[in-house]
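The paragraphs below lead from one part of the fold to the next.

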Amino acid sequence: MQAGREIDIGRSRIEREPFYAEAGGEVGLFTIAARSKMAVMLKGPTGCGKTRFVQHMAYKLGRPLITVACHEDLTASDLVGRYLLKGQETVWMDGPLTVGVKQGAIVYLDEVVEARKDTTVIIHPLSDDRRVLPIEKKGQMVEAADDFMLVISYNPGYQSVLKDLKQSTKQRFMAIEFDYPPADVEIAVVEQEAGVSRAVAGSLVKLGGKVRNLKNHGLEEGVSTRLLIYAGTLIKQGVPAERACDVTIARPITDDPDMQRSILELVKAVF
């Protein structure tokens, strides 16, 4: 969303179906939640498909999707709206959450715990049976349209205790747990998204599994499916596998030279 410009809800519709390989019944659960006007929390590591899943479901349900990438400077006003000066007058500009509430969109707050604490307070009355959004600056309570759906995501293994969600927030959501997909599903995803052969996709997924095993031996975060796709994309473009895996896997996930060397040894063993 650009400063001073309200979201065009028409442009928030996903016109082409995003590729998504279901791993554990999450499509059915999300569909029931949408029908039941239930808020949904997606939990799982970085790059395991949470955002793609929401895009897929927005297309499948035929609803607009408004995605907000949360960060430490994100305030309640950024979500709800604010008064802005236009020429000689002051006008109210709805924020992305308010637009979604009024227009019946899926509003996806990605990594919600990164936002300031006042943002979680405003979503409480939206995520229970009240389904209302208080706009304090206007003295209004906006009732959510029937098709409005609130979806949040976060990575519980990555957040510090200080940034974790409170129980009062968590217990307003149905939670769908995500993890890196089973090998056969992940191979299909890498093959499709990177455009590589099934053999190359299989090698990348095998490498991903071996690298993830290093998480208990000094690696802070496992390699995401997203990074495996990046590696496949470079290989598809003619970059040698060792170099492709170096720049898309080893270097992004660790700054430790010894760990980088260990990952490159795994690359040589797989490829």
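Which residues does L109 touch, not counting residues up to four places away in sequence? In this predicted model, L109 touches V68, C70, L79, I123, L150, V151, I152 and S153 once those neighbours are set aside. L109 belongs to the largest nonpolar core, a group of 34 residues, and it is one of the members that touch the most other members, together with L97, V101, L133, F148, L150 and I152. Two or more residues of this core come from each of strand 2 (65-69), helix 3 (76-80), helix 4 (96-103), strand 5 (106-110), helix 5 (117-123), strand 6 (132-135) and strand 8 (149-154). Another core lies apart from it, with 31 residues, among them V189, A201, A241 and C245. As background, nonpolar side chains in soluble globular proteins tend to be buried together.

The protein has 11 helices and nine strands, and of its 271 residues 50% count as buried. Its C-alpha atoms fill a box of roughly 65 × 40 × 35 Å, when the box is taken along the principal axes. Among the contacts with a separation of 6 or more, 72% are accounted for by residues 24 or more positions apart. The protein exposes about 14000 Å², and carbon and sulfur atoms supply 48% of that area.

Which residues of helix 9 are buried? They are T225, L227, L228, I229, A231, G232 and I235, and what covers them includes helix 7 (183-194), helix 8 (198-212) and helix 10 (241-253). Just after helix 9, G238 takes a positive phi of about 100°.

The aromatic rings come next. How many aromatic pairs does a search of the whole structure find? It finds four. In one of them, the rings of F30 and F53 have their centres 5.4 Å apart and their planes at 90°, so the pair is edge-to-face, a label that applies when the planes are over 60 degrees apart. This pair links distant parts of the chain, since F30 is in helix 1 (residues 26-35) and F53 is in helix 2 (residues 50-61), 23 residues apart. F30 has a relative accessible area of 0% and is therefore buried, and F53 is buried with a relative accessible area of 0%. Y20, F30, F53 and F178 form one aromatic cluster.

Y83 and W92 also form an edge-to-face pair, with 5.0 Å from centre to centre and 75° between the planes. Are these two partners buried or exposed, if buried means under 20% relative accessible area? W92 is buried, because its relative accessible area is 16%, whereas Y83 counts as partly exposed, because its relative accessibility is 42%. An aromatic ring can also have a charged residue over its face: R212 lies over the face of Y180, at 3.9 Å from the ring centre.

Finally, some residues in loops deserve a careful look. K37 lies in the loop between helix 1 and strand 1 (40-43), and its phi is near 55°, a positive value in a residue other than glycine. K37 counts as partly exposed, because its relative accessibility is 38%. R131, found in the loop between helix 5 and strand 6, has a phi near 50°, again a positive value in a residue other than glycine, but R131 is buried, with a relative accessible area of 12%. P182 is found in the loop between strand 9 (174-177) and helix 7, and it counts as partly exposed at 40% relative accessibility. The C-alpha atoms of P182 and E114 are separated by 29 Å, and these residues are 68 residues apart along the chain.

Conventions:
Residues are numbered from 1 along each chain as its sequence is written. This is a predicted model: local features need pLDDT of at least 70, side-chain atom pairs count only at pLDDT 80 or more; totals for chains, interfaces and linings use all residues. Side-chain values use heavy atoms; hydrogens and water are left out. A nonpolar core is a set of buried Ala, Val, Leu, Ile, Met, Phe, Trp, Tyr and Cys residues joined through side-chain atoms within 4.5 Å. Buried means under 20% relative accessible area, exposed over 50%, partly exposed in between (1.4 Å probe, protein chains only). Helices (H or I, at least four residues) and strands (E, at least two) are DSSP runs, numbered from the N terminus. Contact means heavy atoms within 4.5 Å. Rings of Phe, Tyr and Trp (its six-membered ring) pair if their centres lie within 6.5 Å; planes under 30 degrees apart count as stacked, over 60 as edge-to-face and the rest as tilted. A charge sits over a ring if NZ of Lys or CZ of Arg is within 6 Å of the ring centre and within 35 degrees of the ring normal. Accessible areas come from the Shrake-Rupley method with a 1.4 Å probe; for residues, only the protein chains shown count as cover.
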